[in-house]
Amino acid sequence: MLSRIRAALLVAFAMLLVAFQLCAQTAPVSNPRSSPADIAAGRKMFRSHCATCHGPAGEGGLGPTLATGVYYHGTTDEDLLNNISNGIAGTAMPATYFDPGQVWQLVAFVRSLSRAAASAPPPGDPMRGAAVFRDNGCGGCHRVRGEGDDSGALGPDLTAVGSERSVAFLRQSILDPSAFIPAQYRVVHIALENGTSYSGFLMNMDTWSIQVLDAAKGLLSIDRHAVSKFEFDKSSPMPPYRDKLTASQVTDLVAWLYTLKRRGGSE
């Protein structure tokens, strides 16, 4: 009888131990460095190491906006810690050399961005904005949800631009696209020793060759030793629309672009 009681107690203890371990594994890890001083320290690190891609206020640029509180590779503090520490495979997000305490401070600052961001959509009429996009031939260079530029090479895909860029960035991209040109959309001009010239997006460059996507000639591989001139265009291939659209048209276009969000998935 005593042995049965002992056995039952051992089983109960084992079950409690397993339950405790499961709870410990699933309990969310909270940020231990979230004081105002930690946020201020995170801000300094962000501006010196992260703003180049994400913008000084997390508004987005080469990388997605972080000011909305919407994250596509995990939503918990621990997810953000891992993404900052280890980078994100398949994206331009690199691993960092910060220690865990510093990364937690970065997480605290990133969280503060969404708390300070306005949640209201921008002014303007998205329906009229869609017409502005269509009537001005924007689909000739950009794709939106599978429609538009068939090559997919002339300009960025805008399918989820409302999730990735701030309202201010969208407006600037329309009025003054040369203010920020993503590296993959900078036009390079190449002249060869024999007088042949090419213009297009730089796709890759190594010791022996240069790969350029020429809008007229397609993907080209050029012998690097035959090049006599190599320079980047300082202007964006996208023309500025400051003098081509009215203020209300720009407002409507931004309102429509803002509606282009990622569908499904973890945000």
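Which helices and strand are included in what covers the buried residues of H9? This set of close-ups, all taken from a predicted model, starts there.

**View 1. Helix H9 and its cover.** Helices H6 (126–135), H7 (161–164) and H8 (167–175), along with strand E1, are included in what covers the buried residues of H9. The helix itself runs over residues 247–258, twelve in total, and reaches 17 Å from its first C-alpha to its last, close to the 16 Å expected at 1.5 Å a residue. Its buried stretch takes in Val250, Thr251, Asp252, Leu253, Val254, Ala255, Trp256 and Leu257.

**View 2. The largest nonpolar core.** Here we're looking at 18 residues, and Phe46, Val103, Leu106 and Val107 are the ones with the most contacts inside this core. H5 gives the largest share, eight residues. A second, separate core has 17 residues, including Leu170, Leu253, Val254 and Leu257.

**View 3. Zooming in on Phe46.** Setting aside neighbours within four places in sequence, Phe46 is in contact with Ala51, His54, Gly55, Pro56, Gly58, Leu66, Leu106, Phe109 and Val110. Leu106 also turns up among the residues with the most contacts inside the largest core.

**View 4. Thr65 in its loop.** Thr65 sits in the loop between helix H3 (51–54) and helix H4 (77–86). With a relative accessible area of 4%, under the 20% cut-off, Thr65 counts as buried. A polar atom of its side chain lies 3.0 Å from the backbone oxygen of Gly58. Not counting residues up to four places away in sequence, Thr65 touches Gly58, Glu59 and Gly60, plus Ser163, Glu164, Arg165 and Ser166.

**View 5. Val212 in strand E5.** Val212 belongs to strand E5, residues 209–214. Beyond its neighbours within four places in sequence, Val212 is in contact with Val188, Ile190, Ser199, Gly200, Phe201, Met203, Gly218, Leu219, Leu220 and Ile222. As for Ile222, it's ten residues from Val212 in sequence and 7.8 Å away in space, C-alpha to C-alpha.

**View 6. Arg145 and its positive phi.** Most residues other than glycine have a negative phi. Arg145, though, has a phi near 50°, a positive value in a residue other than glycine. Look for Arg145 in the loop between strand E1 (143–144) and strand E2 (147–148). At 38% relative accessibility, Arg145 is partly exposed.

Technical notes. Residues numbered from 1 in each chain as written. Predicted model: local features only at pLDDT ≥ 70, side-chain atom pairs only at ≥ 80, totals over all residues. Heavy atoms only, no water. Helix = DSSP H or I, 4+ residues; strand = E, 2+ residues; numbered from the N terminus. Contact = heavy atoms within 4.5 Å. Buried < 20%, exposed > 50% of the residue type's maximum accessible area, 1.4 Å probe, protein only. Polar contact = N/O pair within 3.5 Å; in protein donor to acceptor, adjacent residues only side chain to side chain. Expected span 1.5 Å × (residues − 1). Core = buried A, V, L, I, M, F, W, Y, C linked by side-chain atoms within 4.5 Å.
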